[in-house]
Amino acid sequence: MSNNVAVQITILNQSYTLTSPAGKEEQLREAAQLLDTRLRSIKDSGRVVGLERMAVMAALNFSAEALQARKDMETLELALGQIDAKVSQQLDLNQDSSDNK
């Protein structure tokens with residue numbers, strides 16, 4: 001038994017019916033809206049002609065954003081790990097000083 005549902009989306013005035021896991025329909029609609037907005041922006045810039053080229057440009061832009069987000073997440077995880085180590089060290093020092101009293 002499948003838990004997929006049909007979702008109607010529109011990208012560049014073209015309607016598509018796609019299947020989505022139940023409960024993920026809104027996420028698919030938001031993704032389609034984001035893609036539509038990005039493709040319209042590329043189209044309006046006039047620098048890229050042809051739907052296929054516009055789709056490639058949009059995909060490259062999304063890929064670059066995903067890579068940047070991954071790098072940002074790694075930086076944040078590293079910083080969080082350093083903060084965690086400092087807090088743990090300080091807590092250990094505080095525990096040691098209260099044990100010596």
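This is a predicted model: local features need pLDDT of at least 70, side-chain atom pairs count only at pLDDT 80 or more; totals for chains, interfaces and linings use all residues.
**Overall form**

The C-alpha trace spans about 75 × 45 × 15 Å along its principal axes. The radius of gyration of the protein is 24 Å, whereas a compact globule of 101 residues would have one near 13 Å. Of the 101 residues, 13% count as buried. The protein exposes about 8,300 Å², and carbon and sulfur atoms supply 54% of that area. Among contacts with a separation of 6 or more, 23% are between residues 24 or more positions apart.

In soluble globular proteins, nonpolar side chains tend to be buried together. Here the largest nonpolar core has 10 residues, including Val 7, Ile 9, Leu 39 and Met 54. At least two residues of this core come from each of β1, α1 and α2. One of the core residues is Ile 9. Residues up to four places away in sequence aside, Ile 9 touches Gln 14, Ser 15, Tyr 16, Leu 18, Arg 29 and Ala 32. Ala 32 also belongs to the core.

| Residue | Relative accessible area | Class |
|---|---|---|
| Arg 38 | 18% | buried |
| Met 57 | 33% | partly exposed |
| Ser 2 | 54% | exposed |

Arg 38 lies in helix α1, which covers residues 25–45. Arg 38 counts as buried because its relative accessible area of 18% is under the 20% cut-off. Leaving out neighbours within four places in sequence, Arg 38 is in contact with Ala 58, Asn 61, Phe 62 and Glu 65. Ala 58 is one of the core residues.

Met 57 is part of helix α2, residues 51–99. With a relative accessibility of 33%, Met 57 falls between the 20% and 50% limits and is therefore partly exposed. Together with Val 56 and Leu 60, Met 57 forms a nonpolar patch on the surface, and the three have about 250 Å² of accessible area together.

Ser 2 sits in the segment before β1 (4–11). Its relative accessible area of 54% is over 50%, so Ser 2 is exposed. Between the C-alpha atoms of Ser 2 and Ser 20 there are 10 Å in space, and the two residues are 18 residues apart in sequence.

Technical notes. Residues are numbered from 1 along each chain as its sequence is written. Side-chain values use heavy atoms; hydrogens and water are left out. Patches are made of residues with over 30% relative accessible area and no salt bridge: like charges are joined within 9 Å, nonpolar side chains (Val, Leu, Ile, Met, Phe, Trp, Tyr) within 5 Å. Accessible areas come from the Shrake-Rupley method with a 1.4 Å probe; for residues, only the protein chains shown count as cover. A salt bridge is a side-chain nitrogen of Lys or Arg within 4 Å of a carboxyl oxygen of Asp or Glu. Helices (H or I, at least four residues) and strands (E, at least two) are DSSP runs, numbered from the N terminus. Buried means under 20% relative accessible area, exposed over 50%, partly exposed in between (1.4 Å probe, protein chains only). Contact means heavy atoms within 4.5 Å. A nonpolar core is a set of buried Ala, Val, Leu, Ile, Met, Phe, Trp, Tyr and Cys residues joined through side-chain atoms within 4.5 Å. The radius of gyration is taken over C-alpha atoms; the globule rule is 2.2 Å times the number of residues to the power 0.38.
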